[in-house]
Amino acid sequence: MKVAYYDKKMETLDRDKLEKLQLKRLRATVDKALEIEFYHKRLSKIGILSGNDICSLSDIKMIPYTTKEDLQSGYPESFLAVPGDKVVRLHTSSGTMGTSTVIYHTAGDIDSWSALTARSMFAAGARNIDVFQNINAYGLFTGGLGMHYGAELLGMTVIPSGAGHSIKQIHLMRDFKTTIVHATPGYLLHLYGLMQDLMISPAELSLRKAFLGAEPYCENTRDKIEKLLQIEAYNSYGLTEMNGPGVAFECMERNGMHVWEDAYFMETIDPDTLKSVEDGQEGELVFTTLTREATPLLRYRTRDLASIYTDSCECGRTHRRISRIKGRTDDMFIINGINVYPSQIEAVIMKHSEVGTNYRVYIEKKGALDKVIIRIELFKGAVEKYTQDELDRLKQRLTKELTDAIIVNPTIEFWEAGSLPSYGSKALRVIDDRNELLW
Ligand code: AMP
Ligand code: ZN
């Protein structure tokens, strides 16, 4: 099969040349990072005062890792490396503002990012004749705007349908002959269920591909989606700190995701020892931005576990591929594409004096979508002290505050003090019952 490329020269660059380009870009990135006080302090401590102090790519190992906590402690502006008049947009990772990480973009950053999402979608077979329905939240979340700009650059007809409004999504798909959708796997399965209720068969649609990401899923889920909707599904990986979508994407071989190594320097490390692991072994992905101007990040620990494939891809692209994301090294979980940390839930619950010391979060599948149930122990004697009305009002308040905090609408259950399992050591706070749909 003859392979077409969006940017043939860059996508098929010899590894030698690609690494030379990475070194050049790494040096420039270090120069930009030195504009940020946090990096200036860190880098000067190890004798790096300019990008020229990086002699080879392996010198990157001298630089300490950047963590989400580092970015959080720099909220809102400490990781801005350019004057404010150069910034055209910012995004934050999903989660509450208190725990957000902020990434700024210059016009050049938006152009580079759009070129990467365009390149990704082209590699997965998208062409300018396609009608692209972007079923992803527009706003601070990167999935909406990130793919939107790339899709327009590629020349597709974009339907910026955003998140939610399920019935409308199906009507749009049918009426405008959508050929490609971008969605979370769970939401697409949910739409399929709804199509059945509406008696709309996939055969009536023009859909041929789906780009699926933002949450972990397994090959079985992909197969299911492909069979039910009679389409090809492609895995798409990204994170706000590395722009968003367009970090890694499957080509038409659909056998691992190419990481665009002209824009991201990739490492895999053992999350305990923090030492590099061999290609082919599972480790935590660590990325350094190579082109970003406004918020350059050095050795950012993603907390995502994956392995780097060692074989080359039939498509001829020289950029290495990674496996599916196998899990996380922290306690973050993803509900319908939204990142949630137990600590966010805890912060809301524990503000209320009626609440005791223990809680548990249960995640289930309801149809194709995730559902969250939070069981909260009341303090001892609360059941006698408060009327049912007061407890109902508390439940309503907690539901609203938790929905605001985690952008997911949970079901709250009150339990009597001492009735939830307790632990001598680290509490098992989150019970994830969706496992049959994961890896
Ligand atoms: P955000 O920064 O809010 O877009 O969230 C990024 C996180 O979503 C990543 O660090 C991953 O944990 C998760 N994620 C994104 N894409 C995928 C994917 N294709 N498979 C599994 N997890 C993903
Ligand atoms: Zn390939």
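Me: What spacing do the donors of the zinc ion (ligand 2) follow along the chain?

Reply: Good place to start, and keep in mind that this is a predicted model. The spacing is C-x6-H-x54-C-x1-C. In atoms, the protein donors are Cys251 (SG), His258 (NE2), Cys313 (SG) and Cys315 (SG), and they lie 2.1 to 2.3 Å from the zinc ion (ligand 2).

Me: Which parts of the chain do Cys251 and Cys313 link?

Reply: Distant ones! Cys251 is in the loop between β8 and β9 (257–259), while Cys313 is in the loop between β12 (300–306) and β13 (321–322), and the two are 62 residues apart. Both Cys251 and Cys313 are buried.

Me: What is the geometry of the site of the zinc ion (ligand 2)?

Reply: The general idea first: four tetrahedral donors ideally make angles of 109.5 degrees at a metal. Here the angles among the four donor atoms are 103 to 117°, and the site is tetrahedral.

Me: Now a helix. Which residues of α9 are buried?

Reply: Helix α9 covers residues 219–229, and its buried residues are Thr221, Arg222, Ile225, Glu226 and Leu229. Seen down the axis of α9, they fall within an arc of 135°, so they line one face of the helix. On the other side of α9, Asn220 and Lys227 are exposed.

Me: What do the buried residues of α9 pack against?

Reply: They pack against another helix, α8 (185–197), plus the strands β6 (209–213), β7 (232–239) and β8 (244–250).

Me: And what follows α9?

Reply: Gln230 does, and its phi is positive, near 55°.

Methods:
Residues numbered from 1 in each chain as written. Chains lettered and ligands numbered in written order. Predicted model: local features only at pLDDT ≥ 70, side-chain atom pairs only at ≥ 80, totals over all residues. Heavy atoms only, no water. Buried < 20%, exposed > 50% of the residue type's maximum accessible area, 1.4 Å probe, protein only. Helix = DSSP H or I, 4+ residues; strand = E, 2+ residues; numbered from the N terminus. Arc of directions from axis to C-beta. Contact = heavy atoms within 4.5 Å. Donors = N, O, S within 2.8 Å, 3.2 Å for Na, K, Ca; no water. Tetrahedral: all angles 85-135°; square planar, octahedral: opposite > 155°, others 65-115°.
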